[in-house]
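Biologist: Could you put the model up for us and walk me through it, one question at a time?

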2 protein chains.
Amino acid sequence: MGADDGPTIVTIAERAGVSIASVSRVLNGQSTRPETLQRVMAAADALGYVPNAAARSLKSRRTQHIAFAMADIANPVYLAMVREIQQVLRAAGYRLVLHSTDADVDDELEVLRGLGQRYVDGLILCPIRVTAGHLAELARTSVPVVVIGSVPDGQRVDSVRADSRTGVALAVRHLYEQGRRRIGFVNGPLDTVPGAARDAGFRAALADVDLDYEPELVELGDFYLEGGAQATARLLDRTRIDALLCANDLMAVGALRTLRERGRSVPGDVAVVGMDDTDLATTTWPPLTSVGLGSAERGRRAAELLIDRIAGAGTDRHRQILVPPRLVVRGSSR
Amino acid sequence: MGADDGPTIVTIAERAGVSIASVSRVLNGQSTRPETLQRVMAAADALGYVPNAAARSLKSRRTQHIAFAMADIANPVYLAMVREIQQVLRAAGYRLVLHSTDADVDDELEVLRGLGQRYVDGLILCPIRVTAGHLAELARTSVPVVVIGSVPDGQRVDSVRADSRTGVALAVRHLYEQGRRRIGFVNGPLDTVPGAARDAGFRAALADVDLDYEPELVELGDFYLEGGAQATARLLDRTRIDALLCANDLMAVGALRTLRERGRSVPGDVAVVGMDDTDLATTTWPPLTSVGLGSAERGRRAAELLIDRIAGAGTDRHRQILVPPRLVVRGSSR
DNA sequence: CGCACCTCAGTAAACGTTTTCAGGTCGGAG
DNA sequence: CTCCGACCTGAAAACGTTTACTGAGGTGCG
């Protein structure tokens, strides 16, 4: 097979009549005699030299790659994170390796284990459930990990999480202030991180405004549109509501559809509030009131945290960042 | 710095009392005497050995990474591609490196050039515009590239493209069959690949059904929601229409909003058709009729093509695949 | 019984960098 | 005139794999 395998540092050295060490030094901007520098640069240019990433990584133990693992990139929440992460990484000279795990825990663990191959310098992990397996793997990863979501105290990882409790409280209070008293709640599965947090938040929020928690006002969907539509239908079949909080925007869109099919006006008969404040919220009619949980910000902070951690020594304490929620009121609730 | 830098092939060799060559052979599943195999496996397990990706790549010239570069991952079209690509890649043992270039041509070229570092085994490129610079870089990339979109004949790349001409024709014919005669068209910028293709398609399609091309029926948006809403407003201000074709779903959603604000019923007064058939189409009311251009399929085929090309010798002719469009009729046009 | 073969394991040379270490040259100070 | 430091450079040793090539031992056959 041909010898035209692209120029290496050796090729340049020969052409410039210097040693490979000098070439390396010039290429890495270390001080060199002007003439040498000149010669090496000329040779490199002429040959169209491009450094080999694998060789560099082998020596430097840096790949300039960072992985992001989440359940499903099609979910607008993760999408917002990916976007933001990519931006931060690119600015810092890193590339993004994407893992969409289809909410499969084994896949996620697989990614965590794969870290040992050191094909990335760090990982941002946004798990949908945190299992014992996760903690075990986290405890002995070979590269820094930042978790988006909650993590038991004392873990060796930095984390960034949304304050969905407060978020739910914002929504409930808003609906209460609009005079709504029968507030339905379409949540996601309770054994997921966001589902559990929202459930706790909902109970606490009701107590805050002196409303009782009535199980018949709560239904579970699956965080997707159809599931939200069906959960809403079950809720309407069972009881009377004048407001509906959905655990994410996608389910809220499903709810809007069901309400329309049943001839209920929004916000006249039922005020609807979603969560995550994704782009979807502005595409519906009426536009959807939604509680933003800062997905973009969580992504950004996580990326920054990770880059910090990679750069600095790993000595200092691990940080936990809490991103505050923000209620964006639109037509569906006023 | 501790010496506990993780076990290498050498550590295993020592512990198992064999040479590193034997270890490598065992790890790569080459035939070995049962006892040796046994010893090596035991040692590897005990040490929790994980191979080093950089070292492996350096020797094998394979990284098991593939890059995908597109304008903006937040665009549902690209999103569908990413999803599908990721799936195919994962099944084949590759990882996905994502480049979201913000439609910046220089960034795209930068990615193309970076390929020389060989940090990936191949690239899937979905350019929004194809410049001379692209062709120049494509002509001398060091790894295989598959382009999603059109590429001049005779290039050294495989390509997969949508048949947006036929797609537009399907939409126009559908609207015509519904009895619509004043068909408005909200297109994207004409200097983009999709914009140009759709413009050509629209003219041809009108001719097919014996309608005249009237410039006053055409407006340009920017492929985003607001732009679509505004373009629709301009169209309505200027002339009378009973149907509206939008060059993508996002603009169609904007159009729906403007129509509602102006008190025009859909599909009663105006039938609306989008393009790309993204998830958005099922979230609107009425649900949006849309021409699917097979983004998911394009992603899948591109990934398959690339993997093929990487595996097989590069000898055979470069392929061009044309993905057929599909009209999905929903409530907004009947 | 000897020779050719086959199977398996070990030695050593890559792969393309970065980096340490040991000169070598030059200028200035003693 | 000698000696010392400052500055550059080149030789060579890593980094952790894979992969010829070589050699040793065992088997089958003449």
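Modeller: Happy to. To begin, 34 residues of chain B are in contact with 34 residues of chain A, where contact puts C-beta atoms, placed from the backbone, within 7 Å. This is a predicted model, in which local features need pLDDT of at least 70 and side-chain atom pairs count only at pLDDT 80 or more, while totals for chains, interfaces and linings use all residues. Residues are numbered from 1 along each chain as its sequence is written, and chains are lettered from A and ligands numbered from 1 in the order in which they are written.

Biologist: Which elements give two or more residues to the side of chain B that touches chain A?

Modeller: Helices (H or I, at least four residues) and strands (E, at least two) are DSSP runs, numbered from the N terminus. On that basis, the elements of chain B that give two or more residues are α4, α5 (76-91), β2 (95-100) and α11.

Biologist: How do the residues of that side of chain B divide by class?

Modeller: Ala, Val, Leu, Ile, Met, Phe, Trp, Tyr, Cys and Pro count as nonpolar, Asp, Glu, Lys and Arg as charged, and the others, Gly among them, as polar. The side of chain B that touches chain A then divides into 18 nonpolar, 11 polar and 5 charged.

Biologist: What is the bridge count between β2 of chain A and β2(B), and which residue stands opposite L98(A)?

Modeller: Strands pair if DSSP finds at least two bridges between them. Here β2 (residues 95-100) of chain A and β2(B) run antiparallel and are joined by 3 bridges.

Biologist: Which residues are the closest to DNA strand C?

Modeller: A residue is near a strand if its C-beta atom, placed from the backbone, lies within 6 Å of it. The surface near DNA strand C has 12 nonpolar, 10 polar and 6 charged residues. Of the 28 residues that surround DNA strand C, the closest are I9(A), A55(A), S19(B), A21(B) and T36(B).

Biologist: And which residues come nearest to DNA strand D?

Modeller: α2 and α4 of chain A and α2 and α4 of chain B each supply at least two residues of the surface near DNA strand D. By class this surface has 11 nonpolar, 10 polar and 6 charged residues. Of the 27 residues around DNA strand D, those that come nearest are S19(A), A21(A), R33(A), T36(A) and I9(B).

**Inside the chains**

Biologist: Which residues have the most contacts inside the largest nonpolar core?

Modeller: A nonpolar core is a set of buried Ala, Val, Leu, Ile, Met, Phe, Trp, Tyr and Cys residues joined through C-beta atoms within 7 Å. Buried means 20 or more other C-beta atoms within 10 Å of a residue's own, exposed means 12 or fewer, and partly exposed lies in between, with C-beta atoms placed from the backbone. The largest core has 188 residues, and those with the most contacts inside it are I124(A) and I124(B).

Biologist: How many of the residues of α11(A) are buried, and what do they pack against?

Modeller: α11(A) is mostly covered, with 11 of its 13 residues buried. Those buried residues pack against α5 (76-91), β6 (183-187), α10 (225-238), β8 (243-246), β9 and β10 of chain A.

Biologist: What is the bridge partner of V291(A) in β12(A)?

Modeller: β10(A) runs parallel to β9(A), joined by 3 bridges, and M275(A) stands opposite V291(A). β10(A) also pairs with β12 (residues 326-328) of chain A in the antiparallel sense over 3 bridges. In β12(A), the partner of V291(A) is L327(A).

**Backbone details**

Biologist: Is D277(A) buried or exposed?

Modeller: Most residues other than glycine have a negative phi. D277(A), in the loop between β9 and β10 (289-292) of chain A, has a positive phi near 45 degrees. With 28 other C-beta atoms within 10 Å, D277(A) is buried.

Biologist: Where does P267(A) lie, and what is the omega of the peptide bond from V266(A)?

Modeller: Most peptide bonds are trans. P267(A) lies in the loop between α11 (249-261) and β9 (271-275) of chain A. The peptide bond from V266(A) to P267(A) is cis, with omega near 5 degrees.

Key: Contact = placed C-beta atoms within 7 Å.
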